[in-house]
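This report covers one protein model. Please look over the sequence and the structure first.

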Amino acid sequence: MGTFSELSDPSVLGVKPARLKIVKIDQPMTVSEFNSRYPSSIKPEQVALINGVEPDGKIQAGYAKQVVGGTPDTN
């Protein structure tokens, strides 16, 4: 603990936590369509993963799906 200094980098101090938002879709849509309608701060491949579908798969209507908000992933 003694080797850590006070955090003063504005780009680090301004980071907002990623938060999940649950949305219910009213019609089937591809991951790309879902990401266009409900933008996330993560890559579409990651959106597919957390929603349990393949990146080129289709999300069925009525399912509650997750959108990630917060600071964009730079990796």
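## Surface patch

Which residues make a nonpolar surface patch of about 280 Å²? The patch is made by L7, V12 and L13. Patches consist of residues with over 30% relative accessible area and no salt bridge; like charges are joined within 9 Å, and nonpolar side chains (Val, Leu, Ile, Met, Phe, Trp, Tyr) within 5 Å. A salt bridge puts a side-chain nitrogen of Lys or Arg within 4 Å of a carboxyl oxygen of Asp or Glu.

L13 belongs to helix α1 (residues 10-13). L13 is exposed, at a relative accessible area of 52%. Exposed means over 50%, buried under 20%, and partly exposed in between (1.4 Å probe, protein chains only).

## Model basis

The model is predicted: local features need pLDDT of at least 70, side-chain atom pairs count only at pLDDT 80 or more, and totals for chains, interfaces and linings use all residues. Residues are numbered from 1 along each chain as its sequence is written, and side-chain values use heavy atoms, with hydrogens and water left out.

## A buried asparagine

N35 sits in helix α2 (residues 31-37). N35 is buried, with a relative accessible area of 17%. Beyond its neighbours within four places in sequence, N35 contacts S40, P44 and V47 (heavy atoms within 4.5 Å).

## Whole protein

The protein has three helices and four strands, as DSSP runs numbered from the N terminus (helices H or I, at least four residues; strands E, at least two). Their order along the sequence is α-β-β-α-α-β-β.

Of the 75 residues, 25% are buried. The accessible surface is about 5600 Å² (Shrake-Rupley method, 1.4 Å probe; for residues, only the protein chains shown count as cover). Carbon and sulfur atoms hold 54% of that surface.
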